[in-house]
Amino acid sequence: MSDFYVYQLRLETRVTPFYIGKGRGYRARQHLCPSRRKDDNHKNRVINKAFREGVAIMTEILHDGLT
């Protein structure tokens, strides 16, 4: 099975990502759902601040087709 991928989340105003993850399916986009942003951690603080300030969050697949 080769449906896994590695992805990054970054602010549209930055080159450096603030989060690197691995997943499959819709995992990369689930971080942006309001119910997933309630825990107090760095990733969620960056995402919540970006939404408040109107900054887009870029979800970019780095490698796909992984097993």
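Predicted model: local features only at pLDDT ≥ 70, side-chain atom pairs only at ≥ 80, totals over all residues.
Q: Which residue of β3 stands opposite V6?
A: β1 spans residues 4-11 and runs antiparallel to β3. The two strands are joined by 8 bridges. On the β3 side, V6 faces H63.

Q: What is the bridge partner of Q8 in β3?
A: β3 covers residues 57-66. Strands of a sheet pair through backbone hydrogen bonds, either parallel or antiparallel. For β1 and β3 the sense is antiparallel. Within β3, Q8 has as its bridge partner E60.

Q: What is the order of the strands in the open sheet?
A: The sheet holds 3 strands with antiparallel pairing. β2 (19-24) and β3 (57-66) are the edge strands, and each pairs on one side only. On average, neighbouring strands are turned by 25° against each other, direction ignored. The order is β2-β1-β3.

Q: How many residues of β1 are buried?
A: Buried means under 20% relative accessible area. β1 is mostly covered. Of its 8 residues, the number buried is 6.

Q: At about what angle does helix α2 run to β1?
A: α2 takes in residues 42-53. The helix lies across β1, β2 and β3. Its angle to β1 is about 50°.

Q: How far does α2 reach from its first C-alpha to its last?
A: The helix has 12 residues. At 1.5 Å a residue, 16 Å is expected, and the model comes close to that. The reach is 17 Å.

Q: Around the axis of α2, what arc do the buried residues K43, N44, V46, I47 and A50 cover?
A: K43, N44, V46, I47 and A50 are buried in α2. They lie on the same side of the helix, because the arc they cover around the axis is only 160°. What covers the buried residues of α2 includes β1, β2 and β3. On the other side, R52 and E53 are exposed.

Q: Which residue caps the N-terminal end of α2?
A: The cap uses a side-chain oxygen. This oxygen lies 3.3 Å from the backbone nitrogen of K43. The capping residue is N41.

Q: Which residue just after α2 takes a positive phi?
A: α2 covers residues 42-53. Just after the helix, phi is positive, at about 75°. The residue is G54.

Q: Is N44 buried or exposed?
A: N44 sits in helix α2. The cut-off for buried is under 20% relative accessible area. N44 has 1% relative accessibility, so it counts as buried.

Q: Which residue has its backbone oxygen 3.0 Å from a polar atom of the N44 side chain?
A: Leaving aside neighbours within four places in sequence, N44 is in contact with R36, R37, K38 and D39. The N44 side chain also makes a polar contact with the side chain of K43, at 3.2 Å. The backbone oxygen at 3.0 Å belongs to D39.

Q: With which side chain does the side chain of D40 make a polar contact?
A: D40 lies in the loop between α1 (27-30) and α2. At 65% relative accessibility, D40 counts as exposed. Its side chain makes a polar contact at 2.8 Å. The partner is the side chain of R45.

Q: How far apart in space are D40 and V55, C-alpha to C-alpha?
A: In sequence, D40 and V55 are 15 residues apart. In space, their C-alpha atoms are separated by 20 Å.

How values were computed
Residues numbered from 1 in each chain as written. Heavy atoms only, no water. Pairing = 2+ DSSP bridges. Helix = DSSP H or I, 4+ residues; strand = E, 2+ residues; numbered from the N terminus. Axes fitted to C-alpha atoms, helices over the stretch in contact; angles between N-to-C directions. Contact = heavy atoms within 4.5 Å. Buried < 20%, exposed > 50% of the residue type's maximum accessible area, 1.4 Å probe, protein only. Expected span 1.5 Å × (residues − 1). Arc of directions from axis to C-beta. Polar contact = N/O pair within 3.5 Å; in protein donor to acceptor, adjacent residues only side chain to side chain.
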